[in-house]
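Good morning, and thank you for coming.

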Amino acid sequence: VHSRVGSLCFRTKGSEFRRIRVEYLDAGPRAQILNALFYPDHSLEIPMLGIDLLSFNSGKRILIGIDYHPLTQDQDYISQYVGPLQRIKEDFPELQGEISQKIYDSFEFFSPAILFGRFEDPKILEGSRIMGAYVRVLEEYLRMASCYTRLLSRCREGVFNNTGQQNITGQTREWIAQRQFAYNRYNFENDPAAGIFASNFGKEWSDRFMSEFLFEISSPTHNISMV
C-alpha cells in the first residue's frame, strides 16, 4: 500500500491561537494516524492542546491521547489551567491510562490529567463515547482560551492598565515563546512519529517534515511536498 500524508496549518493574527496544525498519515492497514496541535498566541500562557488518534495493524492496536501540554509544572499553573481537563478525565475511566516511559523520558510537557488509552479492538471507536471525549476537551479548551487570561504573567508582572485589563510585557511574551519552543525542541528530538515517517517516506524527508512543519525547529518553508 502506498503511504501518504496530508497536513493543514492555520496561522492567525489577533486571535487566541497563533498556529494550529493538523496532519494525517494513511499507511493502509499498517497505520492510520491523526494528530493536531494548538499553539496559543504568545500573549496567553495557557497550555498547548495536543490531540492524537493512532491505529495500527488494522485497528488491532489503538492509542488515544488528549492533553493540555503545560508550559510549566508549577502547581498554581496546573491547578488553574489543567484542572478542567482533570474533571473531564474523571468521566472517562477508559482514558485514564499512563504513558510509557519507554517513549518519553521526561513528562515536563505532559499534564497529570492527560487522557490516554490503549485498545486492541477497533470497536472502541464506534459510537459516540470516545468522540464525546474529544469534543468535550476541545470545547473546554476553546472556552478557556477565551475566558482565562494570563495567570502567570499577572503573577510575574502585576501590570494593569487604567481599564483594569492586563498589559502583556515583552518579557512575558518572550518567556511564553521560549517555553513553546522548548516543547517543540523536546518533541522534535523524542517524538516516535519520526521513525514512522522515516519508514514510510525516508529519513531525509522525515527530518525536514519534523523540523520545518511539525515543530518548526529550523526556518519553516511551508512548501514541503506531500508524498
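**A pocket and its surroundings**

Strand 3, strand 4 and helix 2 (129-147) each supply at least two residues of the lining of the second largest pocket. Before I continue, please note that this is a predicted model, in which local features need pLDDT of at least 70 and side-chain atom pairs count only at pLDDT 80 or more, while totals for chains, interfaces and linings use all residues. Residues are numbered from 1 along each chain as its sequence is written, and side-chain values use heavy atoms, with hydrogens and water left out.

Some terms are needed for the pocket. Helices (H or I, at least four residues) and strands (E, at least two) are DSSP runs, numbered from the N terminus. On a 1 Å grid over the protein atoms alone, a cavity is a set of points where a 1.4 Å probe fits but cannot get out, whereas a pocket is an open set with protein on both sides within 12 Å along at least five of seven lines; lining residues have an atom within 4 Å of a point.

Which element gives the most to this lining? Helix 2 does, with five residues. The lining as a whole consists of Leu34, Asn35, Ala36, Ile51, Leu53, Leu125, Gly127, Ile130, Met131, Tyr134, Val135 and Leu138. Ten of these residues are nonpolar, two are polar and none is charged. In that count Ala, Val, Leu, Ile, Met, Phe, Trp, Tyr, Cys and Pro are nonpolar, Asp, Glu, Lys and Arg are charged, and the others, Gly among them, are polar. The space in the pocket is about 270 Å³, a volume being the space filled by probe spheres set on grid points that are joined across faces, edges and corners.

**The sheet**

Let me now step back to the chain. Its secondary structure comes to six helices and six strands, in the sequence pattern β-β-β-β-β-α-β-α-α-α-α-α. The strands form an open sheet of six in the order 1-2-3-4-5-6, with antiparallel pairing; two strands pair if DSSP finds at least two bridges between them. Strand 1 and strand 6 (115-119) are the edge strands, each pairing on one side only. From one strand to the next, the twist averages 5 degrees.

Asparagine 35, one of the pocket-lining residues, stands opposite glutamate 23 and has aspartate 52 of strand 4 as a bridge partner. Further along, isoleucine 33 of strand 3 stands opposite leucine 25. Strand 2 and strand 3 form a hairpin with four residues between them, and glycine 28 in the turn has a positive phi of about 65 degrees.

Is strand 3 covered or open? Eight of its ten residues are buried, so the strand is mostly covered, where buried means under 20% relative accessible area, exposed over 50% and partly exposed in between (1.4 Å probe, protein chains only). Across the chain, buried residues make up 47% of the 227 residues.

**The helices on the sheet**

Helix 4 lies across strand 2, strand 3, strand 4 and strand 5 (61-69), and runs at about 165 degrees to strand 3. Axes are lines fitted to C-alpha atoms, for helices over the stretch in contact, and angles run from 0 to 180 degrees between N-to-C directions. Contact means heavy atoms within 4.5 Å. Asparagine 184 lies in helix 4 and is buried, with a relative accessible area of 4%. Leaving aside residues up to four places away in sequence, asparagine 184 touches Tyr39, Phe215 and Ile217.

Helix 6 lies across strand 1, strand 2 and strand 3, at about 155 degrees to strand 2. Its buried residues include Trp205, Phe209, Met210 and Phe213, and their cover includes strand 1 (4-11), strand 2 (17-26), strand 3 (31-40), helix 4 (170-190) and helix 5 (193-201).

Asparagine 57 has a positive phi near 55 degrees and sits in the loop between strand 4 and strand 5. Asparagine 57 is partly exposed, at 48% relative accessibility.
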